[in-house]
Amino acid sequence: MASIDSPTLYTTFRHCFPEVSSEKIALAFAPGRVNLIGEHTDYNGGWVLPAAMQLGIGAAVVYHESPTIFIRSAQFAETFQIDLQQPVFHSFSDWRIYPQAVVRQLLAQGHRLPGASIALHSDLPTGAGLSSSAAIEALLGFVLQPLVAWGFPERVSLAKLAQAAENQWVGMPCGIMDMFAISLAQPRQALLLDCHTLSFELVEAVPPPSLSWCVIHTGKPRRLVASKYAERRAECELALNWLQEHGAEATHLSACSLSDLEALAQAEPLLYQRAKHVVTENLRVKALCQAMQRQRWDKVGAYLTQSHLSLRDDYAVTGVELDTLFELSSRIEGCRGLRMTGAGFGGCALALVEQDKLTNFQTHLATSYQLSTGFDPVFMSLEIAGGVDWVLPPHTI
Ligand code: ADP
Ligand code: MG
């Protein structure tokens with residue numbers, strides 16, 4: 001279901017590397033991810049429910065004998081280049097930080113990498129909370145290990161590699177959810193993932209024909225995400241430490257119950273709010289899953305709404321634009337529920353909308369949101385796709 005077709009990838013390769021023969025080209029695609037529910041629970045050892053989407057990043061790759069990797073992206077001007085025999089690492093402030101992070105992590109783990117020319121083409125909005133960074137990391141981890149037979153254990157290793165690359169070499173302390181979804185997702189299914197144990201279950205997540213998932217980009221570039229994200233992580237750690245010092249046996253915040261948090265409410269009201277979001281959101285993940293499994297789609301919308309309110313009021317990661325989408329959509333007929341998806345502070349929301357009212361919903365929301373915020377929202381359908389894979393595998397290397 002890759003949205004970047006093979007002719008586009010061939011053309012991108014020829015454009016990026018006119019001097020390299022494309023005779024022995026290999027093609028791969030990594031999807032973006034939409035988290036249905038379970039926001040900021042992953043680094044608290046909780047449940048998440050992401051799915052891969054049809055939009056993503058494609059790679060056209062030609063492997064070669066010389067020990068150098070060249071990477072170009074149709075969306076960005078710079079070339080990333082690294083000599084594998086004498087790798088030199090730079091402090092990039094542009095997109096090259098991602099390929100460098102993946103190469104660096106692979107080398108740190110002792111992998112031997114092939115020389116390659118890699119051209120990237122994407123239709124996934126960047127910085128929108130649809131995890132283009134995890135998509136590029138998983139995609140490059142995938143194509144730079146061309147001899148691997150990508151079974152289940154290898155895909156789990158790929159997710160861990162991509163997370164380590166982002167944590168250690170990009171400097172973003174993200175959890176494993178995005179990389180896990182992009183590495184292991186299956187079409188039509190969401191992944192109910194326990195981020196503490198990494199055990200998961202696939203859950204059918206395609207709504208009945210009368211309903212439709214709708215992804216809405218606020219048009220607001222995300223700002224301060226990395227620093228606010230780190231701040232929330234630190235607050236969660238403080239909350240857990242406090243609870244443990246006061247007798248809680250939980251090893252991670254998601255494992256606490258609401259009654260465990262009572263004493264924290266008096267002592268540390270802000271930490272209590274953060275912890276309350278994590279605990280209630282974790283319960284909502286299971287509840288929303290059950291609702292989908294039992295075809296109780298009427299309940300699914302209500303859980304989306306509750307999740308947004310908790311992220312707005314207790315976790316404080318939504319921001320004006322996402323909250324405006326939330327408020328306006330609740331007044332438009334046919335919207336069953338909407339929540340921010342991704343880390344927050346701008347980026348995208350996910351709504352569940354009645355199919356026969358979808359056009360009307362989008363038209364009304366676009367007009368009123370533009371008037372309120374000055375931004376034009378972008379609407380995307382959500383077709384639930386599979387994880388990173390070859391479109392055309394390499395023949396010989
Ligand atoms: P998100 O993961 O929500 O999209 P991030 O800020 O974490 O937002 O990652 C976005 C960054 O990932 C981009 O600014 C760019 O550096 C890199 N990136 C995403 N897509 C591509 C692409 N197609 N080619 C090169 N770099 C990309
Ligand atoms: Mg990212």
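1. A residue counts as buried under 20% relative accessible area, as exposed over 50%, and as partly exposed in between. The structure discussed here is a predicted model, and the points below apply these classes to it.

2. Gly 219 has a relative accessibility of 29%, so it counts as partly exposed. This glycine is found in the loop that runs between strand 9 and helix 6. Apart from its neighbours within four places in sequence, Gly 219 is in contact with Phe 375 and Asp 376. Phe 152, by contrast, is 67 residues from Gly 219 along the chain, and 36 Å separate the C-alpha atoms of these two residues.

3. Ser 73 belongs to the other class: its relative accessibility is 9%, and it therefore counts as buried. The residue is part of strand 4, which covers residues 68-73. When residues up to four places away in sequence are not counted, Ser 73 touches Trp 95 and Leu 120.

4. The largest nonpolar core contains 129 residues, and within it Ile 118 and Trp 213 have the most contacts. Helix 8, residues 269-293, supplies the largest share of this core, namely ten residues. There is also a second, separate core of eleven residues, with Ile 4, Ile 25, Leu 27 and Ala 119 among them.

5. Helix 6 (residues 225-245) meets helix 8 at an angle of about 100°, and the axes are 9 Å apart. Because of this angle, helix 6 is roughly perpendicular to helix 8. On the side of helix 6, Arg 232, Glu 235, Cys 236, Leu 238 and Ala 239 make the contact; on the side of helix 8, the residues are Leu 270, Leu 271, Arg 274, Ala 275 and Val 278. Sorted by class, this contact comprises seven nonpolar and three charged residues, with no polar ones.

6. Helix 9 consists of 17 residues, 297-313. From its first C-alpha to its last it reaches 25 Å, which is close to the 24 Å expected at 1.5 Å a residue. Which residues of helix 9 are buried? They are Trp 297, Val 300, Gly 301, Tyr 303, Leu 304, Ser 307, His 308, Ser 310 and Leu 311. The elements that cover these buried residues include helix 8 and helix 10 (320-330), together with strand 9 (211-217), strand 10 (335-341) and strand 11 (348-354).

Methods. Residues are numbered from 1 along each chain as its sequence is written. Chains are lettered from A and ligands numbered from 1 in the order in which they are written. This is a predicted model: local features need pLDDT of at least 70, side-chain atom pairs count only at pLDDT 80 or more; totals for chains, interfaces and linings use all residues. Side-chain values use heavy atoms; hydrogens and water are left out. A nonpolar core is a set of buried Ala, Val, Leu, Ile, Met, Phe, Trp, Tyr and Cys residues joined through side-chain atoms within 4.5 Å. Buried means under 20% relative accessible area, exposed over 50%, partly exposed in between (1.4 Å probe, protein chains only). Helices (H or I, at least four residues) and strands (E, at least two) are DSSP runs, numbered from the N terminus. The expected span of a helix is 1.5 Å times one less than its number of residues. Contact means heavy atoms within 4.5 Å. Axes are lines fitted to C-alpha atoms, for helices over the stretch in contact, and angles run from 0 to 180 degrees between N-to-C directions. Angles under 35 degrees count as roughly parallel, over 145 as roughly antiparallel, 65 to 115 as roughly perpendicular and the rest as oblique. Ala, Val, Leu, Ile, Met, Phe, Trp, Tyr, Cys and Pro count as nonpolar, Asp, Glu, Lys and Arg as charged, and the others, Gly among them, as polar.
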